[in-house]
Amino acid sequence: MAGESEIKETYENGTKILEDLTNNAHELQEQMLEEILRRNAGTQYLSRFFPSGQADKQNFKTNVPIVTYEDIKPYIERIANGETSSGTSGGQQKLIPITTESFEKGCVSDEGKSLSLYFSKPDMETPSGLVASPYMTFYSKTNIFKTRLAKFCLSPIETILCLDNKQSMFCQLLTGLLQRDKVVWLASNFASVLARTIKFLEDYWRELCCNIRTGYLSDWIIDPGCKNAMSLILTRPNPELADLIQQICEDQSWEGVIKKLWPKIKYIRSVCTGSMSQYIPLLEFYGGGIPLVSPSYVSSEACFGINLKPLSNPFDVSYTFLPNTAYFEFLRVNKDGGGKAQETRTIDKPVDLANVKLGQYYEVVVTTLAGRSISIQSRDVLKVTGFYNKSPQFQFVERQNVVLSIDADKTTEEDLLKAITNAKLILEPFGIMLTAYSSYSDTSSTPGRYVLFWELKMKDSNDLPKLDVKIMEQCCCIVEESFDFTYKSLRKGGAISGLELRVVKRGSFDELMDFYISKGASISQYKPPCCLKSEEAIKILNSGMVGKFFGPKTMS
Ligand code: AMP
């Protein structure tokens with residue numbers, strides 16, 4: 001297949017390191033835990049678990065609790081508020097103490113010229129004066145990015161660091177089009193960003209062509225860094241190139257447009273597993289068959305693993321664990337074939353990386369070198385698919401408890417319930433009751449949106465309530481306001497469209513139940529799903545729709 005040798009070569013550069021890491025996976029994990037304990041056993045958080053002062057592996061395993069992010073939020077907020085000192089910084093979306101060292105330990109190298117769409121957000125200052133920045137912003141400012149990865153990215157660093165995402169996207173795409181023959185791969189962290197990029201291209205290709213044709217940058221690009229960087233790239237009128245791009249974009253069908261615009265492109269590199277798999281069909285369509293490479297499995301805490309078979313089918317990707325990025329433990333998850341997150345349940349005590357078994361499902365617990373060394377439950381369910389030397393390989397199965405997901409947002413069942421509970425309060429004075437709800441992530445258009453289904457009734461009769469548009473729109477606002485920081489910042493940045501609330505007539509949720517029962521659900525155990533995955537189920541509720549309402553176009 002075209003591009004296979006180049007891709008292999010890229011990955012082979014790291015082969016020696018990889019062999020060492022995976023052959024010594026068990027020893028490296030032991031050393032990692034020892035180092036974590038040596039450095040952090042005296043911290044306020046950890047020391048209480050070692051009352052005898054003996055911070056060894058055994059005591060760590062028996063005494064240190066496994067927590068979820070919600071459990072540690074108060075501690076991290078205390079750091080942010082300056083009540084405890086730390087050498088760390090954290091991002092407000094999901095504040096995880098992270099140090100430059102721990103971050104740089106987890107990075108992988110690459111070669112070639114890429115059109116990598118990376119974006120920044122403003123840093124925030126916590127009340128105690130610590131800098132809190134979104135992960136990608138933190139990343140683009142690290143030395144590892146500036147000195148190593150930036151060499152392979154076409155986008156000038158100034159365009160990546162520009163805080164206005166629209167100007168940044170325009171300039172990055174303009175750079176990519178002006179240097180179209182250099183682009184060997186197209187990249188973003190998550191596939192959702194590429195979906196947004198394609199939408200942006202649809203909206204702006206005429207203007208991009210105009211810039212190329214005239215040699216003048218659009219005057220709404222006012223960011224000094226962008227202007228400066230673009231003045232070195234957009235140096236002259238190029239009507240031939242503008243004509244060519246125009247011809248490609250004027251085509252009725254945009255099937256394969258990525259390949260046409262960037263003829264030397266060999267692959268698209270972006271996480272396409274987990275909730276990002278919803279974008280695979282779109283990228284396959286626009287890519288015209290270019291391989292989709294899902295490179296790594298990364299979280300704010302650490303780089304968990306990398307994909308050693310970059311050309312594998314995006315639905316079959318396995319990640320090989322990197323034993324030097326964090327200390328990993330694995331909680332077995334009882335998963336009945338094809339079951340949903342709600343049906344999973346963790347059992348047993350956690351096992352080490354050395355003791356995971358082929359074919360079983362686990363949830364990862366990660367303890368990092370950075371900051372407080374908290375053992376955080378990732379909520380990700382992984383299935384062991386094999387071993388590379390002594391390092392296990394996993395397929396990402398699902399994120400437990402996440403019911404709605406668009407772009408980087410992950411809204412859990414609890415988030416949704418809390419938001420709906422807040423919103424329905426304003427219906428009460430009108431004697432209106434919410435009797436059932438469900439939802440789904442609608443990514444049929446870009447940017448996608450969350451859709452809620454509500455079945456409403458009058459408290460004292462079975463009549464359908466009169467739906468006042470203003471009040472229902474207010475419900476949408478309250479739901480959106482109740483969602484977390486990540487949702488709101490993506491919504492404000494235009495990556496998520498306004499929430500849609502569909503009111504359905506009485507009995508619609510009974511029909512939904514009939515549907516699930518016909519598919520084998522047991523009546524006695526039936527719970528209306530708070531999120532719908534099946535097209536058929538969505539159709540059933542849509543057919544009972546009596547009104548739809550939207551959140552505001554933009555969120556302030
Ligand atoms: P965050 O900690 O906010 O950076 O998000 C990390 C989460 O993103 C992980 O716990 C996964 O749920 C998800 N994630 C990261 N990389 C991948 C991947 N390669 N495939 C699927 N999900 C991923």
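Angles here are between N-to-C directions and run from 0 to 180 degrees, with axes fitted to C-alpha atoms. The model is predicted.

**Entry 1, helix on strands.** I looked up helix α17, residues 413-424, and found that α17 lies across β18 and β19 (449-458). The helix runs at about 140° to β18.

**Entry 2, the sheet.** I then traced the sheet that holds these strands. Its four strands follow the order β18-β19-β20-β21, the sheet is open, and the pairing is mixed. I noted β18 (432-442) and β21 (545-550) as the edge strands; each has a single partner strand, so one side of each lacks a neighbour in the sheet. On average, neighbouring strands are turned by 25° against each other, direction ignored.

How many bridges join β20 to β21? I read five, with β20 covering residues 500-504 and the two strands running antiparallel. For Glu500, I found Phe550 in β21 as the bridge partner.

I searched for disulfides and got zero. The cut-off is a pair of cysteine sulfur atoms within 2.5 Å. Cys477 is in no disulfide, and its nearest cysteine sulfur, that of Cys476, is 6.9 Å away.

Is Cys272 buried or exposed? I logged Cys272 as buried, because its relative accessibility is 1% and buried means under 20%. Cys477 went down as partly exposed, at 32% relative accessibility.

Key. Residues are numbered from 1 along each chain as its sequence is written. This is a predicted model: local features need pLDDT of at least 70, side-chain atom pairs count only at pLDDT 80 or more; totals for chains, interfaces and linings use all residues. Side-chain values use heavy atoms; hydrogens and water are left out. Two strands pair if DSSP finds at least two bridges between them. Contact means heavy atoms within 4.5 Å. Buried means under 20% relative accessible area, exposed over 50%, partly exposed in between (1.4 Å probe, protein chains only).
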